[in-house]
Amino acid sequence: MTDDLKRQFEQLVADPPPPSEVPSESVFRRVRTVRRRRTAGVATLAAAAVVAVTVAAGNLTDINSAPPVSNTPSAPVTVVTAAPTTTPSYTPSTTTTPPKSPTGTTTSTNATGAVHTPNRNTPPPSSEHTPVAPALGLHLTLKPSVKGRVLTLKVTANGTVRVPVGDVTSDGFFSVLGSERYSFGDGPESGSDAGAVNCQAARSTLTGQQTKTLIDWNGQAGPTPPSNHTYAKAGTYTVSYTVRYCGTNGWVPVTKSSTVTVK
Amino acid sequence: MEKLGVGMDPGRDHEFAEFVDGRFTALQRFGYLLTGEWHQAEDLVQTALTKVWFHRKSLRSSNALESYTRTVMVNTSTQWWRRKWKGETPTEILPETATTSEYGTVDDRDLLLRALATLPRRTRATLVLRYFEDLPEAEIAQIMGCSVGTVKSHVSRGLAKLREHHLVTALSAPAQKEG
């Protein structure tokens, strides 16, 4: 049987048609076609890889290669609420009480693993703050000067006070202050009243500074009162000066004392 | 022939071209027995040789080259058969309906082709390699990528299948094939 089968096989392929062209030429043409396809495939893959890397690199613009945060106003903002562990970085420039964290929330970078970025939908704190009115207050400074038994006492007042309404002269910062009382340590007190002024109706404020030399009225008003005080005998004396200024809730007295030694 | 070379080694290209031109007809016959169609056989040979060209550097001799080419042809024809690619068959003459031929040889060829077409691809390839190429079972096993026992099994079942057909039943009883 096998011989017959072999014979039949040989009869079956006895008259093969001639090849359509030189076999090696056709094979090499196919080889070239395959190589071109492979090259094109490699080039396509390389181009796709370059595009992918470019897109990925363009999407990693942060220092730590973190994806950028798009400034899309309508996009939801992810805020991770956690126990406040950091102090808010915002610090006001004024000396008022620092604001506490209003909500007790903070953006945690450790919780999300993402790089902390401020909420770009919220404008950053502006360096230009709303002007804050200075606090009302008055500071006094006494500067005694002793020559022999003669004391020249200069007082300086500076601060911010409300301007009372009424008969206010315009001769300096002391004119907006109220009544004053001062003593040289011996003899009667000297001073003046505020006159017809109303502190309750005050609205505006004034910040200023003025220095003046206290007059020794010596218990009597004269046309030319001396601008110094003469002690009768040597010793140590306490001088004091009290003046009132118009504060938020009315007149506020401020007293300053000093010690002088007369030889 | 040098102009045909496409590789970096003109010597190897020349050697490969000589192999193709010298063995193309034999490979085409082998392909015809695998496919049953001359044009399809030519396509099968060219496809296989193209695949072989990319692996030619790993082949040490011309015998290995031809053996590897037959392996690629068997595997490629099996792949084509698995893909059920039967939509377009190249042919120069329109197929005719089956008629009784006065020429017995032609009838025998047609019957043998029909019988081969009923065999599984690997069984068909095994029979062709065994009884047309006269290859020993060990070499067939190497080409087919299987064991010698598998080759024997393919041969046995293939012959049994052929005996079921009219042409083969006219053949004598199966003889013991040595080798």
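Predicted model: local features only at pLDDT ≥ 70, side-chain atom pairs only at ≥ 80, totals over all residues.
View 1. An α-helix has 3.6 residues a turn, so residues three or four places apart point the same way. Just after α6(B), B:G145 has a positive phi of about 75°.

Local features need pLDDT of at least 70, side-chain atom pairs count only at pLDDT 80 or more, and totals for chains, interfaces and linings use all residues. Residues are numbered from 1 along each chain as its sequence is written, chains are lettered from A and ligands numbered from 1 in the order in which they are written, and side-chain values use heavy atoms, with hydrogens and water left out.

**View 2. Helices α5 and α6 of chain B cross.** Their axes, lines fitted to C-alpha atoms over the stretch in contact, come within 10 Å and cross at roughly 140°. Angles run from 0 to 180 degrees between N-to-C directions. α5(B) and α6(B) are therefore oblique to each other. Angles under 35 degrees count as roughly parallel, over 145 as roughly antiparallel, 65 to 115 as roughly perpendicular and the rest as oblique. The crossing of α5(B) and α6(B) is right-handed. Here the near helix is turned clockwise from the far one by less than a right angle. B:R122, B:A125, B:T126, B:L129 and B:R130 of α5(B) are in contact (heavy atoms within 4.5 Å) with B:E137, B:I140, B:I143 and B:M144 of α6(B). By class, this contact has 5 nonpolar, 1 polar and 3 charged residues. Ala, Val, Leu, Ile, Met, Phe, Trp, Tyr, Cys and Pro count as nonpolar, Asp, Glu, Lys and Arg as charged, and the others, Gly among them, as polar.

**View 3. Helix α5 of chain B also packs with α7(B).** The angle is about 95°, and the axes are 8 Å apart. α5(B) and α7(B) are therefore roughly perpendicular to each other. B:R122, B:T123, B:T126, B:L127, B:R130 and B:Y131 form the α5(B) side of the contact. The α7(B) side is B:V151, B:H154, B:V155, B:G158, B:L159 and B:L162. These residues divide into 6 nonpolar, 4 polar and 2 charged.

**View 4. A:V260 in strand β10 of chain A.** The strand covers residues 250-262. Helices (H or I, at least four residues) and strands (E, at least two) are DSSP runs, numbered from the N terminus. A:V260 is buried, with a relative accessible area of 3%. A:S145 is 115 residues away in sequence, yet 8.4 Å from A:V260 in space, C-alpha to C-alpha. Leaving aside neighbours within four places in sequence, A:V260 is in contact with A:P144, A:V146, A:L151, A:Y231, A:G235, A:T236, A:Y237 and A:V239. Chain A has 3 helices and 10 strands. Of its 263 residues, 25% count as buried.

Technical notes:
Buried < 20%, exposed > 50% of the residue type's maximum accessible area, 1.4 Å probe, protein only.
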